[in-house]
Amino acid sequence: MIQLLFMVIFSEMAVIMVLSFKTPFRKLVIMGLDRLKRGRGPVVVKTVAGTVFVVMVSSVYSMMEIQKRWVDDDGPVSSTDQVLMVRHLLEATLMGATIFLALMIDRLHHYMRELRIRRKTMDAVKKQGQGSDDKKPDGFDKVKSLEEEVMTLREKLKQLESDIEAKTKQINAAEVNTVALRKQSEGLLLEYDRLLEENESLRGQLQSLDRKLSRSDSKKNL
C-alpha cells in the first residue's frame with residue numbers, strides 16, 4: 001500500500017507541475033479535469049477521498065493504541081510495536097499528503113478557469129472601451145454619457161487586473177508548497193528504506209535468539 005501511495009503522490013505532483021507551467025500538456029490536463037468534474041466524476045472522487053480519509057483515521061487510531069500500550073506497560077517496548085508504529089505513521093502521512101495534493105489540484109484548476117474567464121471579460125471590456133473612445137457623437141449629452149461609460153469600464157478593467165494579480169500570487173504560493181511536499185516525500189522514502197533495513201536486522205536477531213534457546217533446551221534434555 002505504501003508503494004501505491006508514493007505512486008499516487010508522484011502522479012499528483014506531476015499534474016501540479018504540468019498545471020503550473022505553460023506547456024502543450026496543460027491543455028490536455030485541464031480538459032481531462034473538466035471531464036472528470038462532469039457527470040458522476042465528482043461523486044467517485046469524493047468517495048475515494050472519503051475512503052482514504054477513513055483509512056488515515058484508522059492508522060492514527062492504531063498509533064494511539066500502540067502509544068497507550070507503551071504507557072500502560074512498564075517493560076521495554078517490543079520491536080514489533082516500533083515497526084508497526086512507524087508504518088502507521090508513514091501511511092497516515094502519505095494519505096494526508098495525497099488528500100492535500102488532490103485539493104491543491106482542484107484549487108489550481110478552479111483558479112485557472114477563473115483566470116481564463118476574467119481574461120476574456122477583460123479583452124471584451126478593452127474592445128468595448130476602444131470602440132467607445134473611437135465614437136464621435138454629435139450631441140453634448142451623448143459625449144458626456146460616453147465619457148462616463150468609459151470611466152466605468154476603466155474601473156472595471158483595473159479591478160480585473162488586480163484580481164488577476166491576486167490569483168497569480170496564489171498560484172505561485174501553490175508552486176512553493178509543491179516543491180516543499182516533494183522534498184518531504186523524498187525524505188519519507190529514505191526513512192521507509194531505513195526502517196525496512198532495521199526490520200530485517202531485528203528479524204535476524206530474533207532468529208538467532210530462537211536458535212540459541214533451542215540449543216540450550218536440547219542440551220538440558222541431554
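Throughout these legends, contact means that heavy atoms lie within 4.5 Å. The views show a predicted model, in which local features need pLDDT of at least 70 and side-chain atom pairs count only at pLDDT 80 or more, while totals for chains, interfaces and linings use all residues. Residues are numbered from 1 along each chain as its sequence is written, and side-chain values use heavy atoms, with hydrogens and water left out.

**View 1**
Ser59 is a residue of helix 3, where helices (H or I, at least four residues) and strands (E, at least two) are DSSP runs numbered from the N terminus. Ser59 counts as buried, with a relative accessibility of 4%; buried means under 20% relative accessible area, exposed over 50%, and partly exposed in between, with a 1.4 Å probe and protein chains only. Residues up to four places away in sequence aside, Ser59 touches His88, Glu91, Ala92 and Met95.

**View 2. The protein chain as a whole.**
The protein chain holds five helices and zero strands, so that its elements, taken from the N terminus on, run α-α-α-α-α. Of its 222 residues, 25% are buried. Among contacts between residues at least 6 apart in sequence, 79% join residues at least 24 apart. The accessible surface, from the Shrake-Rupley method with a 1.4 Å probe and, for residues, only the protein chains shown as cover, comes to about 16,100 Å², and 60% of this surface belongs to carbon and sulfur atoms.

**View 3. The largest nonpolar core.**
A nonpolar core is a set of buried Ala, Val, Leu, Ile, Met, Phe, Trp, Tyr and Cys residues joined through side-chain atoms within 4.5 Å. The largest one has 33 residues, and those with the most contacts inside it are Leu19, Leu94 and Leu108. Helix 1 (2-20), helix 2 (24-36), helix 3 (41-72), helix 4 (79-134) and helix 5 (140-221) each supply at least two residues of this core, and helix 4 gives the most, with 13 residues. Because domain 1 (1-135) and domain 2 (148-221) both give residues to this core, it lies between them; the domain bounds come from an automatic or database domain assignment. Leu108, leaving aside neighbours within four places in sequence, is in contact with Ile16, Leu19, Ile171 and Ala174.

**View 4. Leu181 in helix 5.**
Leu181 lies in helix 5 and counts as buried, at 14% relative accessibility. Apart from neighbours within four places in sequence, Leu181 is in contact with Phe100, Leu101 and Met104. Leu181 and Ile9 are 172 residues apart along the chain, and their C-alpha atoms are separated by 9.4 Å.

**View 5. The largest pocket.**
On a 1 Å grid over the protein atoms alone, a pocket is an open set of points with protein on both sides within 12 Å along at least five of seven lines, and lining residues have an atom within 4 Å of a point. The largest pocket has a volume of about 770 Å³, a volume being the space filled by probe spheres set on the points. Its lining has 25 residues, of which Glu12, Val45, Ala49, Ala102 and Leu103 lie nearest its centre. Helix 1, helix 2, helix 3 and helix 4 each supply at least two residues of this lining, and helix 3 gives the most, with eight residues.

**View 6. Gln82 in helix 4.**
Gln82 has its place in helix 4 and is partly exposed, with a relative accessible area of 39%. Gln82 and Ile66 are 16 residues apart in sequence and, C-alpha to C-alpha, 8.7 Å apart in space.

Terms used: 1 Å grid on protein atoms, 1.4 Å probe; cavity = no way out; pocket = protein on both sides within 12 Å on 5 of 7 lines; lining within 4 Å.
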